[in-house]
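I opened the model to look up a few local features. My entries follow in the order I worked.

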Amino acid sequence: GKNEYDLLVVGGGSGGLACAKEAAQFGRRVAVVDYVEPSPQGTTWGLGGTCVNVGCIPKKLMHQAALLGGALKDAQHYGWNISQPVHHTWSVMAQGVQNYVKSLNWGHRVQLQEKKVKYFNIKGSFSDPHTVRGVTKAGKETILTADNIVLATGGRPKYPMDVPGALEHGITSDDVFWLKESPGKTPLVHYLYIVFIEIVVYICLTDVSPDVSLECAGFLTGIGLDTTVMMRSIPLRGFDQANHISKIKQMCFTTQQQMASLVTEHMESYGTKFLKRCFPTKVEKLKSNRLQVTWKNADLDTEETDSFDTVMWAVGRAPNTKTLNLEAAGVKTNSETGKIIVDASEATSVPHIYAIGDITEGRPELTPTAIAAGKLLAQRLFGQSSELMDYDNVPTTVFTPLEYGCVGLSEESAVQRHGSDNIEVYHAYYKPLEFTVAERDATQCYMKMVCLREREQRILGLHFIGPNAGEVIQGFALGIKCGATYPQMMKTVGIHPTCAEEVTKLHITKRSGLDATVTGC
């Protein structure tokens with residue numbers, strides 16, 4: 001055709017790369033445009049998007065570092081002689097994590113080259129519906145034309161711009177994984193929470209879930225930092241709800257509060273501090289180079305202050321669409337969220353322009369869904385496929401110290417959809433065998449299964465708090481995707497002794513009011 005490429009992908013994250021590589025399998029002319037705008041603190045990274053560089057991968061590795069710290073404490077109960085105190089060196093962990101991430105960056109470059117996908121490290125924006133103008137860091141211009149264009153630019157962390165000093169003095173998840181030295185006393189701030197670690201983290205629930213804040217607070221506490229989370233309202237308020245779509249907007253309170261309270265109670269018991277119903281009003285740099293945070297305590301109606309080495313903001317994410325010049329292409333967005341409006345086939349308001357991943361309205365902000373959507377889109381465009389992405393029953397996990405995994409509907413969503421009389425909830429508090437000898441508190445280890453109450457008792461949702469929640473939920477997700485029923489689950493033989501087997505033994509209903517604590521085999 002008259003255009004240079006059959007497919008141009010704007011955005012080099014998981015979804016965009018998956019789409020480009022899949023399209024190349026069909027012998028098409030494919031190009032990828034990717035550019036990382038430095039964070040306000042100057043942090044940059046390579047090809048691979050949020051998940052690889054500043055999300056899932058470094059987060060899980062640092063979570064693992066914290067789990068190892070906990071294992072060292074447990075080890076003494078199992079006969080291991082470990083001299084105390086045990087110290088953690090941030091720089092060693094950071095170097096290992098960052099080296100692995102860089103290897104993934106290089107791996108993506110190699111894969112694109114092997115599949116004959118042209119890669120441009122340029123910042124792209126539309127000139128017209130078929131043309132993207134790219135500019136390099138040095139200002140050199142490149143013009144690219146394509147028959148089909150896929151937008152997959154993801155999102156970036158927000159800053160609370162109404163808080164003086166927030167932008168100048170704070171960091172976000174874009175920065176924390178690339179710090180060479182320990183953040184020290186850092187506060188994590190969320191409009192629902194603020195985490196102070198010798199770091200202050202302020203968490204604000206807006207367009208994305210606050211799981212990042214709790215995950216960061218969890219591993220920062222786990223490696224020995226004094227951490228505080230400031231919460232404006234409730235934790236994890238988008239979870240335990242239908243499909244985890246628009247996590248913040250579709251708020252479900254009872255179950256969500258129940259599960260989130262268990263997660264935060266466990267974090268508190270292991271040293272993370274929480275300032276509840278508090279929100280920051282300003283951040284100032286002291287002569288000592290520490291950061292003084294001032295906040296309002298809504299319950300006491302008082303103004304309070306403390307100083308920290310680092311302030312980390314976790315107040316939501318915004319779609320990375322402002323620089324795309326979407327107006328020139330006629331691509332419509334949701335004016336409130338800035339996200340691109342797409343149909344079931346990922347098509348935007350312009351038939352040959354598509355969007356996938358975190359920038360799309362009403363889609364889960366999850367790496368595996370973006371990858372799957374990207375592959376299916378390429379297959380529909382070039383492989384004579386008609387299969388659409390199925391966004392129902394997508395499993396996910398929050399990697400807090402005690403992990404929370406879930407798939408399917410929350411209790412509230414199930415009740416809203418089917419009526420309370422038609423829903424049965426089975427639940428249990430259990431104790432992992434690994435916790436016994438080490439005498440670890442298992443008070444917050446909990447699971448529940450949401451089912452239809454009618455004869456077949458189809459499983460609508462499963463929620464699990466405990467060790468290795470992601471590994472547990474992944475297997476059960478297949479069953480739920482295939483329409484598993486409660487009787488089928490009860491006929492499933494558990495693997496003993498595991499935490500996951502407790503799911504196959506759920507028999508106490510919430511409706512009964514009986515004690516749901518597991519007491520034996």
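**Salt bridges and surroundings**

I began with K282, which counts as partly exposed at 33% relative accessibility. My cut-offs: buried is under 20% relative accessible area, exposed is over 50%, and partly exposed is in between (1.4 Å probe, protein chains only). This is a predicted model, where local features need pLDDT of at least 70, side-chain atom pairs count only at pLDDT 80 or more, and totals for chains, interfaces and linings use all residues. Residues are numbered from 1 along each chain as its sequence is written, and side-chain values use heavy atoms, with hydrogens and water left out.

What does K282 pair with? I found a salt bridge between the side chains of K282 and E284, at 4.0 Å, N to O. The rule is a side-chain nitrogen of Lys or Arg within 4 Å of a carboxyl oxygen of Asp or Glu. E284 is partly exposed too, at 32%. By this rule I get 20 salt bridges.

Next I checked D301 and K296, whose side chains meet at 3.2 Å, N to O. D301 is exposed at 57%. K296 is partly exposed at 28%.

Then I took D390 and K481, a salt bridge at 3.2 Å, N to O. D390 sits in the loop between α9 (367-382) and β19 (396-398), and K481 in helix α12 (residues 469-481), so the pair ties together parts that are 91 residues apart in sequence. Helices here are DSSP runs (H or I, at least four residues), as are strands (E, at least two), numbered from the N terminus. D390 has a relative accessible area of 39%, partly exposed. K481 is partly exposed at 39%. I also noted one network, in which salt bridges that share partners join E411, K448 and K510.

**Helix α7**

Is α7 enclosed or open? Ten of its twelve residues are buried, so the rest of the structure largely encloses α7. Among the buried ones I listed D211, C216 and F219. Helix α7 (residues 211-222) reaches 16 Å from first C-alpha to last, close to the 16 Å expected. That expected span is 1.5 Å times one less than the number of residues. G224 follows α7, and its phi is positive, near 100°.

**L179**

I placed L179 in the loop between α6 (173-176) and β9 (186-190). At 21%, L179 counts as partly exposed. L179 touches W90, A94, Q98 and I171, leaving out residues up to four places away in sequence. Contact means heavy atoms within 4.5 Å. From L179 to K375 I get 34 Å, C-alpha to C-alpha, across 196 residues of sequence.
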